[in-house]
Amino acid sequence: MLINSQILDLIGAPERTLELLSEPDRVIHFRIRRYLPPGHHVVHVFVVYHNTARGPPYKGGVRMSSHVTLEETIQLAELMTYKNALMDLPFGGAKAGIAAESTLSREAKSMIMHGFAHELRYELTSGNFVPGPDLGTGPSEMADIFSETHIRESVTGKPVGIGGLPGRLEATGYGVAVITARAVREFLKKELSETTVAVQGFGNVGSWLCTFLSEWGARIVGVSDVSGGLYDPNGLNIVELRKHAQQTGSVQGFEAQRISNEQLLSLDVDVLIPAAVGAVLNTKSAPEVRARLVIEAANAPTTPEGDKILTKRRIPVVPDILANAGGVIASYDEWRKGKSGTRTKREETFDTIRSILSETFDHVLEFADEHKVSMRTAALALATQNLVETMRSRGWL
Ligand code: NAD
């Protein structure tokens with residue numbers, strides 16, 4: 001569970017809050033059976049609705065990965081409850097996990113996504129659950145869901161031509177870059193142009209955040225994906241690396257020194273940004289971190305033990321529910337515009353993200369300073385405060 005009595009004490013919330021936020025509202029588990037060459041597959045799917053105080057809809061991404069488990073899906077749904085509350089969005093927290101290889105062909109993913117949306121038809125068409133992209137899924141998979149529902153606001157992160165929001169694709173990475181620039185100034189007293197960065201993960205979030213950060217002057221010296229990492233002390237050419245990764249499906253083969261994912265996490269850089277999978281900063285890796293600042297672009301990249309180690313070592317960590325919320329802010333816009341039919345320009349999407357994230361960063365920092373707690377505790381406390389107020393107004397507390 002993400003919150004505890006210490007967080008409730010900070011905001012003067014009753015102990016009963018823990019009970020209301022401890023267990024997910026609902027867990028759905030089903031199997032999709034498909035022939036995916038070379039054989040038949042049984043794909044397990046978990047959909048978790050964590051808490052709907054601020055919904056419905058329940059809002060959260062669809063993860064496709066062979067490492068998906070029910071426990072992970074519950075943890076990620078819980079994160080969404082707090083992320084949505086921290087951003088003051090009228091959404092409950094949810095997540096879907098599809099236990100299939102993230103590297104499956106587009107055809108195979110499409111068959112799975114159609115099965116997913118067919119099975120969840122009522123949840124999606126009633127507006128109870130509004131999925132979006134996450135690890136292993138993107139606009140094409142969201143289009144598969146739309147092809148089953150034919151309702152624009154039933155899914156976000158769609159391609160622009162079918163009601164997707166210009167800027168949604170880049171939104172999470174853009175938001176992480178905005179937060180990084182702000183945090184570098186605040187914690188390192190530097191400008192981005194004087195800053196070195198290492199990023200784990202070069203998918204949607206990682207590649208876009210590298211693009212924005214390098215455009216704004218930062219030197220991206222290390223990058224990795226599932227196949228391993230690259231290092232160049234002079235800075236990697238992100239435009240060329242993106243082209244290479246798009247053509248070959250991986251960062252490997254690009255001209256730079258090869259390093260492992262473990263080495264990437266311990267590079268001597270100003271900022272380390274995990275932007276891939278969970279639990280990578282743990283008891284083993286956290287003592288080796290040499291970065292001066294950690295920005296969580298991935299969801300739950302730091303274990304509770306890893307967090308304690310980083311806190312003890314006085315390495316500030318900007319938590320996931322703040323750092324990567326650009327995606328859900330844009331999704332909220334896409335969802336509203338799906339209902340009204342209005343259109344938005346890419347720059348407007350970025351303006352909205354920048355303004356909400358900057359304001360929220362300031363609130364979290366102020367709370368952290370005032371109460372002498374970490375940015376994570378402050379972010380969770382402010383999110384819980386919003387949840388408590390909403391639950392009170394609904395007569396739940
Ligand atoms: P993606 O599937 O587009 O990319 C994932 C990247 O991580 C790929 O480069 C992949 O090779 C790499 N990777 C996978 N396993 C790895 C491993 N074990 N070690 C190192 N690298 C590994 O996914 P994404 O959408 O970019 O999501 C990345 C993270 O950001 C996830 O934690 C996700 O939950 C989080 N996130 C995504 C969004 C979004 O809008 N897509 C929003 C908020 C948070």
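1. A definition to start with: helices here are DSSP runs of H or I at least four residues long, numbered from the N terminus. Please keep in mind as you read that this is a predicted model.

2. With that numbering, helix 7 covers residues 168-188. Arg 182 and Glu 186 sit four residues apart in helix 7, so about one helical turn separates them. Their side chains meet in a salt bridge, at 3.4 Å from N to O. Both ends are partly exposed: Arg 182 has 22% relative accessibility, and Glu 186 has 24%.

3. Arg 354 is partly exposed at 35%, as is Asp 351 at 38%.

4. Do have a look at Arg 63 too, which is buried, with a relative accessible area of 3%. Its side chain meets that of Glu 72 in a salt bridge of 3.2 Å, N to O. Arg 63 and Glu 72 also belong to a network of salt bridges with Lys 95 and Asp 134. The structure holds 21 salt bridges.

5. Now to the sheet: seven strands form an open sheet with mixed pairing, in the order 9-8-7-6-10-11-12. Its edges are strand 9 (257-259) and strand 12 (317-318), each pairing on one side only.

6. Within the sheet, strand 10 (residues 271-274) and strand 11 (residues 293-295) run parallel and are joined by two bridges. Leu 272 stands opposite Val 294 of strand 11. Helix 7 returns here, lying across strands 10, 11 and 12 at about 160° to strand 11.

Terms used
Residues are numbered from 1 along each chain as its sequence is written. This is a predicted model: local features need pLDDT of at least 70, side-chain atom pairs count only at pLDDT 80 or more; totals for chains, interfaces and linings use all residues. Side-chain values use heavy atoms; hydrogens and water are left out. Two strands pair if DSSP finds at least two bridges between them. Contact means heavy atoms within 4.5 Å. Axes are lines fitted to C-alpha atoms, for helices over the stretch in contact, and angles run from 0 to 180 degrees between N-to-C directions. A salt bridge is a side-chain nitrogen of Lys or Arg within 4 Å of a carboxyl oxygen of Asp or Glu. Buried means under 20% relative accessible area, exposed over 50%, partly exposed in between (1.4 Å probe, protein chains only).
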